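Here is a short briefing on one protein model. Look over the sequence and the structure first, then read the points below.

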Amino acid sequence: MRAIFMSLALVILSSSVLSLPSERRDSDSALTEIQALNFALSLEHFQYYFYKRLYQYGPQDFSNAGLPPWSQGRYAQISSHELTHAQFLENILGDKAVQPCTYNFPDTDPRSFVKTSNIVEAIASSTYTTLAKYLSDPDYVISISSIHSVEAKHSAWINADVREGAAWSTAFDAPLSLSQLNTIMSGFIASCPSSNSLPPVKTFPALTFPSSVMPGQTVQVSFSPAAPKPDSQTLYAWFISGFEALVVPLNADLTVIIPDTLQGFVFSVITDSKESVSDDATVAGPAFLVFDYDYRGNDQSLPM
């Protein structure tokens, strides 16, 4: 099983199609169990403080937005779960526990709240998938696995009952590196307490795609902070879905063709390598993309 988390199946799209293993040498490879548990706690703080925003929207607000009014109550239950997860991890960590950060979430109404919740739960599922490799204590493994299964149910409910799409993406969740996950979360974080002892993870430049993208389209991406000069190196766009990834060259004008076979949750990362999506090769990202599909497997467009 260890090999699964150390590599992604890779297909290079060029003049020929080639399948290769891609070893992942992540900057967080020396993480201790305490650091891994604190990363989980950081995630649970992140989730709980997002779901606290729910209470500015009532059931009637959800109904007025064309959403099931009862979904507000289900979100309240999820909020309670995240608080319970955070308290559970705090009890394990004691005085080593990190404190909540100050967050900056983009929701302004129930529909944008649902859209953001989809990202939040996708981050959670990927985080707990990845954290498993840093734990050896059986009690920690069981605890993290139990939380993971609940987070996966949250994500499935949001996608199937609220967004009315597929409850899953592929047969596997994508095991991103903790630096890649930290990069996505950092886009919603304004500041963190200086007393927090953080794991040895990186924060990469943010990667942005146009607001509405579909498989098969040619789109222009952007980086923040500023991108390296396009003519200084060849860059590649990776599209990670489950244990598989598609990688395509990034053009000099930062345009890229989104592979037309992608479906479900996809994380895109820009690297300077066509053979590795490791932290050392990462230039920007990940960006979170959703390519919805119906029960027949056909592409569909959902509003959130």
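Of the 304 residues in the protein, 51% are buried, meaning under 20% relative accessible area, with exposed over 50% and partly exposed in between (1.4 Å probe, protein chains only). This is a predicted model: local features need pLDDT of at least 70, side-chain atom pairs count only at pLDDT 80 or more, and totals for chains, interfaces and linings use all residues. Residues are numbered from 1 along each chain as its sequence is written, and side-chain values use heavy atoms, with hydrogens and water left out.

**Overall build**
- The protein has 7 helices and 12 strands. These are DSSP runs numbered from the N terminus: helices are H or I with at least four residues, strands are E with at least two.
- Take the contacts (heavy atoms within 4.5 Å) between residues at least 6 apart in sequence: 74% join residues at least 24 apart.

**Helix α6 (138–162)**
- α6 has 25 residues and reaches 35 Å from its first C-alpha to its last, close to the 36 Å expected at 1.5 Å a residue. The expected span is 1.5 Å times one less than the number of residues.
- Its buried residues include Y140, I144, H148, W157 and V162.
- Cover for the buried residues of α6 includes α2 (33–51), α4 (71–93), α5 (110–131) and β11.
- D137 caps the N-terminal end: a side-chain oxygen lies 2.8 Å from the backbone nitrogen of D139.
- E164 follows α6 and has a positive phi, near 60 degrees.

**Strands β11 and β12**
- β11 (residues 264–271) and β12 run antiparallel, joined by 7 bridges. Strands pair if DSSP finds at least two bridges between them.
- I270 stands opposite A284 in β12.
- In β12 (residues 282–291), 9 of the 10 residues are buried.

**Aromatic pairs**
- The whole structure holds 21 aromatic pairs. Rings of Phe, Tyr and Trp (its six-membered ring) pair if their centres lie within 6.5 Å; planes under 30 degrees apart count as stacked, over 60 as edge-to-face and the rest as tilted.
- Y48 and Y49 are edge-to-face because their ring centres are 5.6 Å apart and their planes at 80 degrees.
- F172 and F243 are stacked, at 4.2 Å centre to centre and 20 degrees between the planes.
- F172 and F243 are 71 residues apart and link distant parts of the chain.
- F172 is partly exposed at 45% relative accessible area, whereas F243 is buried at 18%.

Note on methods. A polar contact is a pair of N or O atoms within 3.5 Å; within protein, one must be able to donate a hydrogen and the other to accept it, and residues adjacent in sequence count only if both atoms are side-chain atoms.
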